[in-house]
Amino acid sequence: MIRTYTCIMCPIGCEITAEYEGGEVLSVSGNRCAKGENYVRQELTCPMRNIATSVRVSGGELPLASVRLTSPIPLERIPEAVREIHRVELTAPVRGGDVLIKDLLGLGADVIATKDIEKA
Amino acid sequence: MRTVDKKIVVIGAGPAGLAAAIALHERGERDILLLEREKKPGGILRQCIHDGFGLTRFGESLSGPEYAARFIARAKELGIEIVTGATVVGLDADKTVTAVAADGMTAYRAQAVVLAMGCRERTRGALAIPGRRPAGVYTAGVAQAYINLKNIMVGREAVILGSGDIGMIMARRLTLEGAHVKGVYEIQPYPSGLPRNVEQCLNDYGIPLHLSRTVTEIHGRDRLEAVTVSRVDERMKPIPGSEERIECDTLILSVGLITENELTRMAGAQIDPRTSGAVIDEHFQTEVKGIFAAGNVLHVHDLVDFVSLEAEQLAASVTEYLHGGLDECGVEVSGEGVIQLIPQRVSAKRDVTFALRPAKPGRNAKLRVEQDGTVLAEKRIPRALPAEMAQITVKAEKFLSDSPVKVVLSFD
């Protein structure tokens with residue numbers, strides 16, 4: 001089987017063609033760096049993505065703090081992960097880098113705040 | 001009105017203004033003022049909470065607020081003066097910057113001015129979509145500010161017009177926040193944003209992308225009820241009989257960005273209709289001596305990393321200008337097969353890097369710079385896309401004369 005991927009590892013977005021048989025990758029071409037090959041191998045087994053969303057903050061200058069994961073998680077778990085993150089409620093002040101959830105859903109990634117929210 | 005002397009005034013504390021001010025400080029300048037109309041510095045990055053920023057500039061993937069925070073922290077550490085809540089309402093060719101803030105009006109008399117006002121979004125009015133004017137029609141950036149800064153959900157059933165990066169990012173964001181995105185409709189026969197965003201924002205969530213289609217009518221009285229979508233022909237004119245009604249309560253527009261150049265015009269600087277930004281020379285200097293421009297106010301960028309790098313280059317020129325002056329740039333630059341080409345004038349005495357976008361998408365493009373029929377530099381672009389900026393550098397010694405220079409992108 002041959003499949004073409006758009007690599008999402010960086011903004012170049014290489015078009016990568018992979019030849020595979022079952023779960024085995026036979027060849028990878030079109031990638032400009034090693035990240036592309038790893039990306040395609042990962043896509044064939046379990047696509048991984050990082051994600052950003054927000055959590056509620058009370059008593060802050062803004063009602064929300066933006067958050068992201070410290071490492072990617074399986075794409076198919078993202079809706080569940082976002083629901084879990086939305087359960088968090090914070091009180092200002094919030095500091096960028098604060099760990100809000102450790103080891104989200106046992107997937108090995110932490111949820112961190114990505115901006116400071118000062119008290120109102 | 002108060003009058004204050006300042007050596008350098010930077011207008012806008014978004015990514016371009018912050019990077020320029022920091023780089024100027026690092027080059028030894030101390031009398032710098034950054035003016036920002038919002039309550040906080042950071043510009044549009046404050047609401048761009050997705051990751052992917054900083055891969056070029058920092059070698060890691062950051063969210064927008066984190067990328068901005070690095071520059072804001074550095075500016076603080078250096079003690080750079082930032083006045084927020086200050087709107088610049090006037091700019092004269094003599095480099096007087098007039099700003100209005102809570103404490104009144106101030107005229108800053110500067111020796112050099114850096115334009116870093118960024119851009120704004122094209123709206124429904126600019127597209128002239130027929131129909132009523134119900135609630136529920138937003139530009140992508142406005143929807144992004146509501147959802148990411150104000151905790152206000154914009155709707156439940158959304159249609160997105162235009163496949164710009166912000167539109168695709170909002171398609172993913174709306175989906176994750178529980179809305180149903182029915183599809184993204186793009187008037188061009190190709191996506192206008194980056195391929196990686198088609199992949200990770202649309203394909204990952206099963207959001208369909210429909211090309212060569214546009215919204216031709218808006219329905220609903222108080223709230224949006226539906227849109228009519230039509231196919232378009234090669235000249236992007238709607239094809240009669242191809243109309244399709246799509247029920248939705250939200251229409252998100254991601255149909256282009258417009259450089260914010262009112263002040264540039266006020267100062268008397270010439271605007272290039274092809275970039276919609278100021279005509280600049282290789283020093284990022286406008287036609288008005290001592291007024292410089294970088295970032296999205298000059299030409300709309302694909303990545304913030306390039307905005308920062310451009311502003312840092314600008315800082316080097318500003319310092320040179322203040323301490324002895326810059327080379328005259330009398331050599332005209334024109335383009336063929338390219339859009340958004342800068343700079344428009346060069347000295348032909350120094351290395352210069354041209355930035356541009358391909359006019360059309362295609363494979364195996366050849367990008368070259370010519371003078372007097374001779375190729376000064378050339379490179380290949382395996383996949384040329386208008387969504388992606390390209391650059392090409394010509395070494396000083398390659399220039400042959402003071403004849404005009406042409407930047408050409410062609411396909412084999």
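How many helices and strands does chain A have? Chain A has two helices and 10 strands, where helices (H or I, at least four residues) and strands (E, at least two) are DSSP runs numbered from the N terminus. This is a predicted model, in which local features need pLDDT of at least 70, side-chain atom pairs count only at pLDDT 80 or more, and totals for chains, interfaces and linings use all residues. Residues are numbered from 1 along each chain as its sequence is written, while chains are lettered from A and ligands numbered from 1 in the order in which they are written.

**Chain A**

Read from the N terminus, the order of elements in chain A is β-β-β-α-β-β-β-β-α-β-β-β. The radius of gyration of chain A is 18 Å, well over the 14 Å that the globule rule gives for 120 residues, so chain A is more spread out than a compact globule. That radius is taken over C-alpha atoms, and the globule rule is 2.2 Å times the number of residues to the power 0.38. The C-alpha trace of chain A spans about 55 × 25 × 15 Å along its principal axes. Of the 120 residues in chain A, 31% are buried; a residue is buried if 20 or more other C-beta atoms lie within 10 Å of its own, with C-beta atoms placed from the backbone.

**Contacts between the chains**

Contact between chains A and B involves 22 residues of chain A and 22 residues of chain B. Two residues are in contact if their C-beta atoms, placed from the backbone, lie within 7 Å. On the side of chain A that touches chain B, β5 (52-58) and β6 (64-69) of chain A are the elements that give two or more residues. β5(A) gives the most to this side, with four residues.

The table lists the classes on that side of chain A. Ala, Val, Leu, Ile, Met, Phe, Trp, Tyr, Cys and Pro count as nonpolar, Asp, Glu, Lys and Arg as charged, and the others, Gly among them, as polar.

| Class, chain A side | Count |
|---|---|
| nonpolar | nine residues |
| polar | eight residues |

**Ile187 of chain B**

Ile187(B) is in the loop between β12 (180-186) and α6 (195-202) of chain B. Ile187(B) counts as buried because it has 20 C-beta neighbours inside 10 Å. Leaving out residues up to four places away in sequence, Ile187(B) touches Arg213(B), Thr214(B), Val232(B) and Met236(B). Between the C-alpha atoms of Ile187(B) and Lys76(B), 111 residues apart along the chain, the separation is 44 Å.

Conventions:
A residue is buried if 20 or more other C-beta atoms lie within 10 Å of its own, exposed if 12 or fewer, and partly exposed in between; C-beta atoms are placed from the backbone.
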